[in-house]
Amino acid sequence: MKGAIILGLIFMLLMGVSVFLFYRGLNKGAHDRVMARLAMGRPDPVVSKPGLARIERAFLRAGLGRPTERLPLALTVWAMAVLLGYLLYDGIGVLLGLVGPLIGLRLLVSFRYQRRVRRMISQLPQLLDHTVRSLKSGRTLGDAVLHSIDASPQPLNEAMSRIKRNVQLGISLPDACQDFAELYEREEFRLFALGLRVNHRYGGNASELLENLIRLIREREQGGRQLRAMTGETRMSAVVLALLPVAMVGYFLVVNPNYLLHMWNDAAGQKMLTFAFAMQTLGCLALWRMLRSI
């Protein structure tokens with residue numbers, strides 16, 4: 001029975017891969033013709049791996065370093081999770097062991113990134129204020145920004161050391177800040193990079209520009225706090241609706257575990273539980289997307 005389930009999972013995996021390759025092959029010809037027409041007369045682009053680059057980018061933004069540094073440990077933990085799932089729950093355990101660590105890692109990286117970037121944005125006005133004071137003391141704009149990066153607290157210091165390394169490699173300060181802003185994809189960093197680029201190209205009073213940027217960032221932060229306070233009831237209702245079915249299942253398992261086990265041992269009960277789990281998952285995803293849009 002276990003062998004048949006494993007073979008079925010392998011068949012489903014291979015079937016999905018074959019469908020993906022077939023769909024990719026249908027569109028590859030037209031895509032290659034369009035790209036060849038657009039690239040006519042241009043130098044050959046550098047070959048890259050977008051999937052691996054996206055993963056490294058996510059880990060870098062979350063402050064976890066490069067994923068290849070912990071690849072052997074991650075593969076070992078993943079294999080142990082698959083083996084443990086197979087020993088406990090057979091084929092379903094294998095599926096959970098394959099998918100569960102990936103989902104957990106994705107949630108961890110997203111949580112680390114959101115928490116880290118919030119702290120960086122809260123520390124950015126302090127860095128800009130230090131830059132303004134350095135400018136008024138007679139420093140150039142580049143020296144003031146780099147000196148402020150050295151004096152900034154963590155994690156902003158660690159993240160903006162990317163700007164300092166790029167400047168030391170010969171990249172202009174506006175381009176280095178633009179690269180930093182595109183890495184973290186936040187409007188506050190893009191405004192900072194845009195201000196430096198405008199000042200670098202057209203000149204002007206850099207101190208006044210940075211002071212206006214400080215005011216804008218603080219007003220955006222205050223507006224975000226007011227929005228979270230106004231939508232707190234909605235967000236709490238969404239959390240309660242998402243956790244209530246899970247809490248009810250836990251209550252039944254504690255009070256009367258035979259109730260759900262009897263349903264699981266019955267064919268119709270398995271279908272009902274599977275359908276309920278699928279609907280709960282879709283409902284949680286829908287609520288999560290609604291919370292993200294607030």
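This is a predicted model: local features need pLDDT of at least 70, side-chain atom pairs count only at pLDDT 80 or more; totals for chains, interfaces and linings use all residues.
Trainee: Which other residues of helix 6 are buried?
Mentor: Besides L173, the buried residues of helix 6 are P174, A176, C177, F180, A181, L183 and Y184.

Trainee: What span should helix 6 have, and what does the model give?
Mentor: Helix 6 covers residues 173-184, and its 12 residues should span 16 Å at 1.5 Å a residue; the end C-alpha atoms are 17 Å apart, which agrees. The expected span is 1.5 Å times one less than the number of residues.

Trainee: What comes just after helix 6?
Mentor: Just after helix 6, E185 takes a positive phi of about 55 degrees, and E185 is a residue other than glycine. E185 is placed in the loop between helix 6 and helix 7. At 41% relative accessibility, E185 counts as partly exposed.

Trainee: Changing topic: how many helices and strands are there in the protein?
Mentor: The protein has 11 helices and 0 strands. Helices (H or I, at least four residues) and strands (E, at least two) are DSSP runs, numbered from the N terminus.

Trainee: And what share of the protein is buried?
Mentor: Of the 294 residues in the protein, 24% are buried. The protein exposes about 20,800 Å², of which carbon and sulfur atoms supply 66%. These areas come from the Shrake-Rupley method with a 1.4 Å probe, and for residues only the protein chains shown count as cover.

Trainee: Which residues touch the most other members in the largest nonpolar core?
Mentor: That core has 38 residues, and L128, M160, I163, F180, Y184, F189 and F192 touch the most other members. Helix 3, helix 4 (141-151), helix 5 (156-168), helix 6, helix 7 and helix 8 (206-230) each supply at least two residues of this core. The largest share, 10 residues, comes from helix 3. A nonpolar core is a set of buried Ala, Val, Leu, Ile, Met, Phe, Trp, Tyr and Cys residues joined through side-chain atoms within 4.5 Å.

Trainee: Y184 is on that list. What does it touch?
Mentor: Not counting residues up to four places away in sequence, Y184 touches L60, R61, Y113, R116, M120, A159 and F189.

Trainee: At what angle do helix 3 and helix 7 pack?
Mentor: Helix 3 (residues 71-136) and helix 7 (residues 187-202) pack at about 30 degrees, with their axes 10 Å apart. Axes are lines fitted to C-alpha atoms, for helices over the stretch in contact, and angles run from 0 to 180 degrees between N-to-C directions.

Trainee: Which residues meet there?
Mentor: From helix 3, V117, M120, I121, L124 and L128 meet E188, F189 and F192 of helix 7. The residues of this contact divide into 7 nonpolar, no polar and 1 charged. Ala, Val, Leu, Ile, Met, Phe, Trp, Tyr, Cys and Pro count as nonpolar, Asp, Glu, Lys and Arg as charged, and the others, Gly among them, as polar.

Trainee: And G195: buried or exposed?
Mentor: G195, placed in helix 7, counts as buried at 10% relative accessibility. G195 and P174 are 21 residues apart in sequence and 8.5 Å apart in space, C-alpha to C-alpha.

Trainee: Last one: where is the cis peptide bond?
Mentor: The cis peptide bond joins Q154 and P155, with omega of about 5 degrees. P155 is placed in the loop between helix 4 and helix 5.

Conventions
Residues are numbered from 1 along each chain as its sequence is written. Side-chain values use heavy atoms; hydrogens and water are left out. Contact means heavy atoms within 4.5 Å. Buried means under 20% relative accessible area, exposed over 50%, partly exposed in between (1.4 Å probe, protein chains only).
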